[in-house]
Amino acid sequence: MEGGSNSSSERFILMGLSDHPQLEMIFFIIILFSYMLTLVGNSTIILLSRLDARLHTPMYFFLSNLSSLDLAFTTSSVPQMLINLWGPDKSISYGGCVTQLYVFLWLGATECILLVVMAFDRYVAVCRPLHYTTIMNPRLCWLLAAVSWLGGLGNSVIQSTFTLQLPFCGHQRVDNFLCEVPAMIKLACGDTSLNEAVLNGVCTFFTAVPLSIILISYCFIAQAVLKIRSVEGRRKAFNTCLSHLVVVFLFYGSAIYGYLLPAKSSNQDQGKFISLFYSVVTPMVNPLIYTLRNKEVKGSLRRLLGKGREAG
């Protein structure tokens with residue numbers, strides 16, 4: 001099956017836990033539960049950001065973008081995982097695999113950029129509080145969000161298209177839970193050194209550069225927080241920024257491990273579970289991290305539930 005000449009009738013086999021079939025039902029239950037939490041948690045943040053006027057701020061605008069992204073990110077892969085774990089059929093259509101490849105990479109790259117945007121928002125809020133509303137005006141917020149989504153899309157179109165040009169030579173067994181670039185490179189029967197070099201180069205850019213910007217911005221934020229005289233003010237700024245930093249390290253840590261290790265030399269089982277981590281666990285914990293440490297979100301949720309009880 002040569003790259004670029006696959007018909008829509010071709011199917012790939014997502015191996016997943018084929019080596020450990022006794023674990024499939026356990027993983028099915030865990031992933032299903034995680035997916036339900038992801039849907040509820042991220043939908044709640046989007047709903048609160050829309051309904052509560054007190055949350056109509058740049059921070060929650062970007063947070064609702066992150067939740068929308070996480071919903072789409074996990075939905076692009078988890079339903080297919082659940083289908084493959086539930087029954088004997090482990091296949092995915094060629095079109096489904098290609099769609100998953102493009103969408104998964106698009107949303108992953110978008111999150112890389114969006115986390116930088118959110119760090120910039122926190123930098124302005126903490127370091128330039130008197131100019132915050134002027135700098136983070138609605139037009140700039142929409143522009144930064146658009147740059148995030150379109151930048152991720154551009155990266156996906158280039159990388160995914162380049163990967164699909166590889167010769168697969170009848171190899172249809174994807175030794176992973178989903179169709180993603182490192183797994184597809186492993187599937188190729190020809191020389192993949194150029195693809196690995198491009199993957200490493202692009203992923204280094206999309207991880208090292210944003211992560212460096214985020215860490216530098218937080219150095220300035222830390223200096224500004226330490227200058228705040230109010231203990232309550234320091235605590236609020238620290239909690240908000242810590243939530244974002246935890247999300248940053250979870251996402252970038254798993255992405256670096258999954259995408260920057262040599263595609264054909266990394267441990268296969270570790271690669272699978274790293275893919276599972278950033279496609280299932282990270283989108284689930286993001287809303288928990290933000291809501292558990294955020295009084296505004298918890299207060300908004302209580303007000304919404306209170307109105308619901310009164311209406312009932």
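Trainee: Where does N195 lie?
Mentor: N195 is in helix 8 (residues 193–227). Helices here are DSSP runs of H or I, at least four residues, and strands are E runs of at least two, numbered from the N terminus. This is a predicted model: local features need pLDDT of at least 70, side-chain atom pairs count only at pLDDT 80 or more, and totals for chains, interfaces and linings use all residues. Residues are numbered from 1 along each chain as its sequence is written, and side-chain values use heavy atoms, leaving out hydrogens and water.

Trainee: Is N195 buried or exposed?
Mentor: N195 is buried, at 7% relative accessible area. Buried means under 20%, exposed over 50%, partly exposed in between (1.4 Å probe, protein chains only).

Trainee: Which residues is N195 in contact with?
Mentor: Leaving aside neighbours within four places in sequence, N195 is in contact with F162, T163, L166 and I185. Contact means heavy atoms within 4.5 Å. The N195 side chain also reaches the backbone oxygen of F162, at 3.5 Å.

Trainee: Switching to charges. How many salt bridges are there in the whole structure?
Mentor: Three. The criterion is a side-chain nitrogen of Lys or Arg within 4 Å of a carboxyl oxygen of Asp or Glu.

Trainee: What does K90 pair with?
Mentor: K90 forms a salt bridge with E24, with the closest N and O atoms 3.1 Å apart. That pair links distant parts of the chain, 66 residues apart: K90 is in the loop between helix 3 and strand 2 (91–93), E24 in helix 1 (residues 24–51). K90 is buried at 14%, and E24 is buried at 13%.

Trainee: And what about D52 and R303?
Mentor: Their side chains meet in a salt bridge, 2.8 Å from N to O. D52 sits in the loop between helix 1 and helix 2 (58–75), R303 in helix 11 (residues 295–311), and they are 251 residues apart. D52 is buried at 12%, while R303 is partly exposed at 31%.

Trainee: Which residue does D121 meet?
Mentor: D121 meets R122, at 2.9 Å from N to O. D121 is buried at 2%, and R122 is buried at 11%.

Trainee: Now the largest nonpolar core. Which residues touch the most other members?
Mentor: I31, F62, M184 and Y252, out of 86 residues. Helix 4 (residues 94–127) gives the most to this core, 18 residues. Such a core is a set of buried Ala, Val, Leu, Ile, Met, Phe, Trp, Tyr and Cys residues joined through side-chain atoms within 4.5 Å.

Trainee: What is Y252 in contact with?
Mentor: Beyond its neighbours within four places in sequence, its contacts include C112, L115, F206 and P210.

Key: Polar contact = N/O pair within 3.5 Å; in protein donor to acceptor, adjacent residues only side chain to side chain.
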